[in-house]
Amino acid sequence: MLEHLKEQPKDKILALMAAYRADARDTKIDLGVGVYKDASGNTPVMRAVKEAERRINAEQTTKAYTGLAGDPAFSDAMIDLVLDGAVARDRVAAVATPGGTGAIRQALELIKMAAPGATVWLSDPTWPNHPSIIKYLGMKSKSYRYFDSDTGQVDYVGMLTDLGQVLPGDVVLLHGCCHNPTGANLTMPQWKGVIDLLKDKAAMPFIDIAYQGFGDGLAQDGAATRLVASSFDNVLIAASCSKNFGIYRERTGILMAVAKDEAQRDLAQQNLAYLNRQNFSFPPDHGARIVSTILTDAELRADWEAELEEVRLGMLDLRKQLADELRRLSNSDRFDFLAEHRGMFSRLGTSPDKVEMLRADHGIYMVGDSRMNIAGLNADTVPVLARAIIDAGV
Ligand code: LMR
């Protein structure tokens, strides 16, 4: 039986993680996988998370199953965090999922059940797991232009031109904030333009929001998702708690389905619970309970928001340091876009050869498409990276 298996393509981001670990150089710099690191290279457990875990440990009296959709307190708290009342609660179906990836997978399966012929449109580039899961599920996908490597900005004209080809009932996947891998994001007027176009085309938006709080702030980062959610009858939203709560390995995410009315919400809810049952039965609870404990307690929530804000401002500061240093070394403003990007990532916009040169010659690990995790830097490594970028002739 097992001899019939074929080798599967390696995930580029995870392969890079392994290569970094195997590199013996103590000067190596990890700008690969999207995990936040502080100035000493640690990925700390957030203060509010520690306290929530302590309370859960002290107060929890059972580990018996929750419902198939997970703990309703988690869904309520997350719907509130992401949508903040933009859509009536009785229009939103939701299930807890194993991380943001689990939410994306369940969303795609839901689309496949509802509209097997629909094409899912992806930004070019996008997070590699998007096309990978779509291919695995045997679904159709197309890409729309998104990034202009020359300017480091969104190619808005190209995006609208390509989305002009969308057919009624197609699904358009959009990153709610902090675009992965580019770091380049739509402005609010541009979001309005995309919304108008998709309404005109009778397409359904599907938002992946994995970095809320890492860009312009918790509320601002949810603004586009809220605008989209309130503009259509149907929207799917996959949200991850891995990054903003720093609970990567707990696998905590949520899929929300905005429905036209309460009856349609009930149908979507029943289908989402069915999907959870088929794929893994009950979703993981520990991370979800940490999140709902924090979000429903004023003191813990304030502390979490304060620490998240420190993380966000730290990354913004690193962006500025890097852009300043590159401006100084290159005597030009061509890297200024790095300070304008938002979130954990920026796409440098150079060739795979140069990325390989940076790895081989300097022990600098970034994804082959030149995506850098800004949180992998600190005040000491910013000048090292800037110098290496210039030396490599980027
Ligand atoms: C990333 O893009 O690096 C993260 O989302 C981690 C992952 O699973 O790929």
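Helices and strands here are DSSP runs, numbered from the N terminus. With that settled, let's start. This is a predicted model.

First, the annotated region. The UniProt record, an unreviewed entry, places "domain: Aminotransferase class I/classII large" at residues 27–389. That span is 46% helix and 15% strand.

Now the helix packing, with α10 in both pairs I'll show. Take α2, residues 47–59, against α10, residues 286–295. The angle is about 105°, and the axes are 9 Å apart. An angle of 65 to 115 degrees counts as roughly perpendicular, so α2 and α10 are roughly perpendicular to each other. Who makes the contact? From α2 we have Ala-48, Val-49, Ala-52, Glu-53, Arg-55 and Ile-56. From α10 come Arg-289, Ile-290, Thr-293 and Ile-294. By class, that contact has 6 nonpolar residues, 1 polar and 3 charged.

Next pair: α10 with α11, residues 298–330. Again the angle is about 105°, but here the axes are 6 Å apart. That makes α10 roughly perpendicular to α11. On the α10 side, the contact uses Thr-293, Ile-294 and Leu-295. On the α11 side, it uses Leu-300, Arg-301 and Trp-304.

Last, the ligand. Which residues are around it? Ile-13, Val-33, Gly-34, Trp-127 and Asn-180. This shell divides into 3 nonpolar and 2 polar residues, with no charged ones.

Note on methods
Residues numbered from 1 in each chain as written. Predicted model: local features only at pLDDT ≥ 70, side-chain atom pairs only at ≥ 80, totals over all residues. Axes fitted to C-alpha atoms, helices over the stretch in contact; angles between N-to-C directions. Helix = DSSP H or I, 4+ residues; strand = E, 2+ residues; numbered from the N terminus. Parallel < 35°, antiparallel > 145°, perpendicular 65-115°, else oblique. Contact = placed C-beta atoms within 7 Å. Nonpolar A, V, L, I, M, F, W, Y, C, P; charged D, E, K, R; others polar. UniProt positions renumbered as here; feature names shortened; annotations may be inferred. Near = placed C-beta within 6 Å.
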